[in-house]
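Me: I'd like to go through this one and ask what stands behind each label. Can you take me through it?

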Amino acid sequence: MDLVLLQNKLDNLSFAVLFVTMLVYWGGLAFPNIPFFPTLGTAGMAIANLCMACLLGARWMEGGYFPISNLYESLFFLAWGVTTIHLLAEWLSRSRLVGAATAPVAMGIAAFAALSLPDEMQSSAPLVPALKSNWLMMHVSVMMLSYSALLVGSLLAIAFLIVTFGQPVELKGSSIGTGSFRKREPQAPAASAASNLDDGLSMGSAQATAVLTPVSTPQAPSFSLNRMSLAESLDNLSYRMIGLGFPLLTVGIIAGAVWANEAWGAPWSWDPKETWALITWLVFAAYLHARITRGWQGRRPAYLATGGFFVVWVCYLGVNLLGKGLHSYGWFF
């Protein structure tokens, strides 16, 4: 079996499937009454996830090491992680808006890896001595999975801001902590119903169907019940995904420090990648602190998560491509 040819076919197939899947999810938003769009979107994401898993497996067989040592491999591992976290988030929420937000990012990552990188950056090469360690799999894979979860959580926060744009909204009860959201105020019937719907979504039941078309009712003239339920679901799901990614990021940074101490004799050297990893950790630590101890919900933590989305990209890709350091995949300037 020609593993190189197989990899070339799989990376192009992954990009093509993700591109079609993105169009399917966007079509589902434009035509919400067509019932098979959500199923097709989920199937597309699952197929792309499988293609990228096979690609990484073939790469592993060819090189004899865990395939995450260069930019091409790490991009496809990140895209695989994004699709995996997407499938988890979609299963929890049953909302087609999750795919509409995550599919373009996964497609863009696959397109950049398969179509934009030069051949020398795509080809497999023997590991340099510093990377011949079991810590390669432990540190890098955990960091990449944390990036995947944080990106998906941040994308859901951006989707929340879009859904609630121009509408006054106050959410209560979609996260756990000691903040002011525990102080429940008397609710109108529509608001109470929306809260009950959100509680059901938070416990894993998907009995409410989220749609984006506003419905005017006497009880909620400015923000429909269905749209309120969707907003609460996105806010809660974003919190969950970031809550999953943050401990992975913490474990990955600690593992990297241990590996650095073994390889270079110091656990921390203020390399540009290490500095931005710390900045990323602080941004999402502030997000979780604000939600758990301060009771922030809705737009304020969503703005923090939106900023975190860009910080993750600077930490992962910007520093690797534009900064010269121990973690650089390529130095362009």
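**What the labels rest on**

Reply: Let's start with Trp26, which sits in helix H1 (residues 3-30); helices here are DSSP runs of H or I with at least four residues, strands are E runs of at least two, and both are numbered from the N terminus. Keep in mind that this is a predicted model, where local features need pLDDT of at least 70, side-chain atom pairs count only at pLDDT 80 or more, and totals for chains, interfaces and linings use all residues. Residues are numbered from 1 along each chain as its sequence is written, and side-chain values use heavy atoms, with hydrogens and water left out.

Me: Why is Trp26 called partly exposed?

Reply: Buried means under 20% relative accessible area and exposed means over 50%, with partly exposed in between (1.4 Å probe, protein chains only). Trp26 has 42%, so partly exposed is the label. Along with Phe19, Val20 and Leu23, Trp26 makes a nonpolar surface patch of about 370 Å².

Me: What does the overall fold look like, and how much of the chain is buried?

Reply: The protein chain has ten helices and zero strands. Of its 333 residues, 50% are buried.

Me: What makes Tyr72 and Phe76 an edge-to-face pair?

Reply: Rings of Phe, Tyr and Trp (its six-membered ring) pair if their centres lie within 6.5 Å; planes under 30 degrees apart are stacked, over 60 edge-to-face, and the rest tilted. A search of the whole structure finds twelve aromatic pairs. For Tyr72 and Phe76 the centres are 5.2 Å apart and the planes 65 degrees apart, so they pass as edge-to-face. They are four residues apart in helix H3 (residues 71-93), which means about one helical turn separates them. Both Tyr72 and Phe76 are buried.

Me: How do you know that Phe309 is buried or exposed, and what about Phe310?

Reply: Phe309 comes out at 11% relative accessibility, so Phe309 counts as buried. Phe310 is at 52%, so Phe310 counts as exposed. The two form an edge-to-face pair, 5.4 Å centre to centre with 85 degrees between the planes. Ring pairs also link Phe309 and Phe310 with Tyr147, Trp313 and Tyr316 into a cluster.

Me: Why is the contact of Glu73 with Arg59 called a salt bridge?

Reply: The term asks for a side-chain nitrogen of Lys or Arg within 4 Å of a carboxyl oxygen of Asp or Glu. Here the closest N and O atoms are 2.8 Å apart, so the pair qualifies. Glu73 lies in helix H3 and Arg59 in helix H2 (residues 36-63), so the bridge ties together parts 14 residues apart in sequence. Glu73 is buried at 1%, and Arg59 is buried at 4%.

Me: How many salt bridges turn up in the whole structure?

Reply: Two. Arg291 and Asp235 also meet in one, at 2.9 Å from N to O. Arg291 is in helix H9 (residues 272-292) and Asp235 in helix H8 (residues 225-264), so this pair ties together parts that are 56 residues apart in sequence. Arg291 and Asp235 are both buried.

Technical notes: Patch = residues over 30% accessible without salt bridge, like charges linked within 9 Å, V, L, I, M, F, W, Y side chains within 5 Å. Areas by Shrake-Rupley, 256 points an atom, 1.4 Å probe, with all protein chains shown as cover.
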